[in-house]
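Please read this briefing alongside the sequence and the 3D structure.

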Amino acid sequence: MDKRTFIKLTGLAGAGVVAVPLVSSLIGCGTSPSSTPTGPNPGGVFSLPELGFDHAALEPAIDSQTMKVHHGKHHAGYVRKLNAALEGHPMAGSALESLLANIQPNDTALRNNGGGHFNHAMFWKVIAPATSERDASPNGPLERRINASFGSLEALKNTLAQAGASQFGSGWVWLVQDVNQPDQLFVTSTANQDNPLMSGIVPPAAQGRPLLGIDVWEHAYYLNYQNRRTDYLAALIDQINWSAVSLLMA
Ligand code: MN
């Protein structure tokens, strides 16, 4: 990753570079951990964000029990293990976004749990139930960029569904904004809890500013859909809150 990309990703604006809000701040990942073991919350500063809606709010697309376990057990576990992994770690004290950009591939605990925390925090935001008709479809710059990059919203939805269906094993599907060409959006997928911010891990073609993440781990759908990942994807993609996605764009 070149310096300009790093600056944009981390929001550390220098002269002539416009500060862009960190995605991790926008999705409520919590404050960066303190590098000192004392203070009001020693050893664990990243926190589980509130879901922001009822567990049953997305039924029948996603059932209440799945939401309860996914948020309260799976995501909570990533947060707990991330905080544990950062105790005494040289990257303790880094903001989550720069931490993700600098994880070494063999630093498994940080890679899996840092990614797990970020990815799920994003997931809850972009599937939050739409409160108006306007939220249910893209508008303004997002709509323009989707049409320019994919041809139409339907084409984007098909691309997301195909990427989700063809991801082998556990992983995520992403709508990503090109950091150097903000009008350019693309779809990519990553394995396990990797994500497009992990520039030391994922290939350059998958790197950028994530705007939308779709969880294709079995724990996201198995209670209701069993092996029918395609049905889960179709239902989930129709639940996306596009105004929430729009708020994450640079
Ligand atoms: Mn998950």
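At roughly what angle do the axes of helix H3 and helix H5 cross, and within what distance do they come? The axes of H3 (residues 64-86) and H5 (residues 108-126) cross at roughly 140 degrees and come within 8 Å. This is a predicted model: local features need pLDDT of at least 70, side-chain atom pairs count only at pLDDT 80 or more, and totals for chains, interfaces and linings use all residues. Residues are numbered from 1 along each chain as its sequence is written.

**Overall make-up**

- The protein has 10 helices and three strands; helices (H or I, at least four residues) and strands (E, at least two) are DSSP runs, numbered from the N terminus.
- Starting at the N terminus, the order of elements is α-α-α-α-α-α-α-β-β-β-α-α-α.
- Of the protein's 250 residues, 37% count as buried. A residue is buried if 20 or more other C-beta atoms lie within 10 Å of its own, exposed if 12 or fewer, and partly exposed in between, with C-beta atoms placed from the backbone.
- Among contacts between residues at least 6 apart in sequence, 68% join residues at least 24 apart. Two residues are in contact if their C-beta atoms, placed from the backbone, lie within 7 Å.

**Helices H3 and H5**

- Two packed helices are described by the angle between their axes and the distance between the axes. Axes are lines fitted to C-alpha atoms, for helices over the stretch in contact, and angles run from 0 to 180 degrees between N-to-C directions.
- H3 and H5 are therefore oblique to each other; angles under 35 degrees count as roughly parallel, over 145 as roughly antiparallel, 65 to 115 as roughly perpendicular and the rest as oblique.
- H3 passes H5 in a left-handed crossing. A crossing is left-handed if the near helix is turned anticlockwise from the far one by less than a right angle, and right-handed if clockwise.
- On the H3 side the contact is made by His 71, His 75, Tyr 78, Val 79, Lys 81, Leu 82 and Ala 85, and on the H5 side by Ala 109, Leu 110, Asn 113, Gly 114, Gly 116, His 117, His 120 and Trp 124.
- The residues of this contact of H3 with H5 comprise seven nonpolar, seven polar and one charged. Ala, Val, Leu, Ile, Met, Phe, Trp, Tyr, Cys and Pro count as nonpolar, Asp, Glu, Lys and Arg as charged, and the others, Gly among them, as polar.

**Arg 111**

- Arg 111 is placed in helix H5, and it counts as buried because it has 21 C-beta neighbours inside 10 Å.
- Leaving aside residues up to four places away in sequence, Arg 111 touches Ile 103 and Ile 201.
- Arg 111 and Ala 85 are 26 residues apart in sequence, and their C-alpha atoms are 9.8 Å apart in space.

**The sheet**

- The three strands form an open sheet in the order E2-E1-E3, with antiparallel pairing. Two strands pair if DSSP finds at least two bridges between them.
- E2 and E3 are the edge strands, each pairing on one side only.
- On average, neighbouring strands of this sheet are turned by 25 degrees against each other, direction ignored.
- Strand E1 (residues 171-177) and strand E2 (residues 185-191) pair in the antiparallel sense over seven bridges, and Gly 171 stands opposite Ala 191 in E2.
- E1 runs antiparallel to strand E3 (residues 209-215), to which six bridges join it. Leu 175 stands opposite Leu 212 in E3, and Gln 177 stands opposite Arg 209 in E3.
- E1 is mostly covered, with seven of its seven residues buried. Gly 171, Val 173, Leu 175 and Gln 177 point one way from E1, while Trp 172, Trp 174 and Val 176 point the other way.

**Backbone details in the loops**

- Glu 59 and Pro 60 are joined by a cis peptide bond, with omega about 5 degrees. Pro 60 lies in the loop between helix H2 (23-26) and H3.
- Asn 192, in the loop between E2 and E3, is a residue other than glycine with a positive phi, near 55 degrees. Asn 192 is partly exposed, with 16 other C-beta atoms within 10 Å.
- Gln 226 is not a glycine, although its phi is positive at about 50 degrees. Gln 226 lies in the loop between helix H8 (222-225) and helix H9 (229-237) and is exposed, with 11 other C-beta atoms within 10 Å.
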